[in-house]
Amino acid sequence: MAATSSFSVQDLVCPQCSEIYCVPVLLKCGHNICKVCLQKFWEWKGSRECPVCGTVSLPGRPPINLALKIAADGYQVLQTDRNQEICFLHNEKLKIFCQNDEEAICLVCQTSKQHKVHECCPVEEAAQQKKKEISDLLEDLRKKLKELNKTKDQWEDTKTYIQIQATQDEKTIKEEFRKLHKFLWEEENARLKALKQEEEIKTQVMCNKLDSIKDQIKALCCTISETETVLRADDLPFLQDYKQTKKRVKCNIQEPECIRNILIDSAKHLDLLKYGIWKKMANFVKYVPVALDPNTAQSNLKFSEELTCVQYSSRQLVPDNPERCTSRICVLGAKGFRSGKHSWTVEVSHSKEWYIGVARESIKRKSAVFLNPAEGFWVIGLSNGESLWAQTSPRTKLTMKQKPERITVELDYDKGKVVFINAADLTTIHIFKDKFTERIFPYISPGLYGEGKISSSLSICPLTIKVDVE
């Protein structure tokens, strides 16, 4: 303020542009001109004349009139502050906040027709109220940010697991192909190429998803930072920016999507490798009607190379993808059925506890459920190595002369029947009758064992294959 006291308002006006000085420079003749105005004038005129009196200036840059610049800058700040605090309609101080229009007004505005029936309160009271409102919205953004960061970490783990899966599957594929002799290398390379392509595609998908969520996090962090800065502002500037701030913090943050079927489709790559080339190597081929899907398996389950044998083992680090069963120690078949007749035989001879049968696709995989038809399971099981039960509601004890070693599961989807047969003497153990309305998957569980213990394996028995199969 003191800097402007020795200058009148007229002293602060550039004679060339008639605006308040912006970087005034002092000419030899004593006139002051805005630096930009002078440069434009000289370029237009083609000489270094004073725009006011025509006196030619000496070569070199005219000096900045520092005192005049300080005075002009101070005047600009003063005018800006006045404009921000004064009602442009009534030239009164903005002391009232209109809740209806969400804007600062003066006492005259409050009694005007426009605001007379509106709800109004003092600026200080409104600022306190609106800052709390923005703070609450900001807290919601912080929660969203936390959720996005958590999802990002999960997706990072999933991306890593995809690469681990690909490495493990690659090792398995190579081992199988070494057993099949030299002329099978072409087949092996084709399968490895498909695996690598899926790994690249799914890894790229996760990279894209991660890039997207990182962009959301960056934008959200920016919004939060800017909002925190606004909240530290004085009441009136805060309220004047309130509408824009509110609009910014109310931005629509999309929930992280649930990425399904993103893991490597191991069943596709490893399912029946030998059967796929049985015409070439008939003596080595074993056909197994059901392969297991490790992407649906509980984390304590371990599989054989071709996904036909499962056992309870130590806990493995696997992602909690949507397809995975976490509420029970079980795994589903790789392929489901919507029609027709299907059968497979399970080797259970060395196990003291097991559950086998079928389950519908929509079973609850993350929460505890009863193992019965009402929940989507048609299963029989052995407990304590001696009691055989049909998992009905309530469960039904099954009589047996001796514990079965191999059990055949026969599914007739169209007739709604699941039949369990003792493969040794072909006697029927139990029959479920129901109506199926969705895909049905093979279901296998080796049961629950103590920590550090390994169960006996449950295996899908291979069928005999002949070259002349019709």
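**A tour in questions and answers**

Biologist: Where does Pro394 lie?

Modeller: Let's start with the terms: helices (H or I, at least four residues) and strands (E, at least two) are DSSP runs, numbered from the N terminus. On that scheme, Pro394 lies in the loop between strand 12 (387-390) and strand 13 (396-398).

Biologist: What is omega for the peptide bond that joins Ser393 and Pro394?

Modeller: A word on the source: this is a predicted model, where local features need pLDDT of at least 70 and side-chain atom pairs count only at pLDDT 80 or more, while totals for chains, interfaces and linings use all residues. Residues are numbered from 1 along each chain as its sequence is written, and side-chain values use heavy atoms, with hydrogens and water left out. The bond between Ser393 and Pro394 is cis, with omega at about -5°.

Biologist: Is the chain a compact globule or more spread out?

Modeller: The secondary structure comes to nine helices and 18 strands. The radius of gyration, taken over C-alpha atoms, is compared with a globule rule of 2.2 Å times the number of residues to the power 0.38. For 470 residues the rule gives 23 Å, but the chain has 40 Å, well over that, so compared with a compact globule it is more spread out.

Biologist: What share of the residues is buried?

Modeller: Buried means under 20% relative accessible area, exposed over 50%, and partly exposed in between (1.4 Å probe, protein chains only). Buried residues make up this much of the 470 in the chain: 43%.

Biologist: Which residue is the bridge partner of Cys98 in strand 4?

Modeller: Strand 3 (residues 96-98) pairs with strand 4 in the antiparallel sense, over three bridges. In strand 4, the bridge partner of Cys98 is Glu103.

Biologist: Which residue in strand 18 stands opposite Val310?

Modeller: Strand 7 (residues 309-312) runs antiparallel to strand 6 (residues 301-303), joined by three bridges, and Phe303 stands opposite Val310 there. Strand 7 also pairs with strand 18 (residues 458-460), again antiparallel, over two bridges. In strand 18, the residue opposite Val310 is Leu458.

Biologist: How many disulfides are there by the rule used?

Modeller: A disulfide is a pair of cysteine sulfur atoms within 2.5 Å. By this rule the count is zero.

Biologist: How far from Cys17 is the nearest cysteine sulfur?

Modeller: Cys17 counts as partly exposed, at 29% relative accessibility. Cys17 is in no disulfide; the nearest cysteine sulfur is that of Cys37, at 3.6 Å.

Biologist: Which residues does Lys246 contact, leaving aside neighbours within four places in sequence?

Modeller: Lys246 is found in helix 7 (residues 242-249). At 17% relative accessibility, Lys246 counts as buried. With those neighbours left aside, its contacts are Glu102, Glu133 and Ile134.

Biologist: Is Asn261 buried or exposed?

Modeller: Asn261 sits in the loop between helix 7 and helix 8 (266-270). Asn261 has a positive phi of about 50° although it is not a glycine. With 59% relative accessibility, Asn261 counts as exposed.

Key:
Pairing = 2+ DSSP bridges. Contact = heavy atoms within 4.5 Å.
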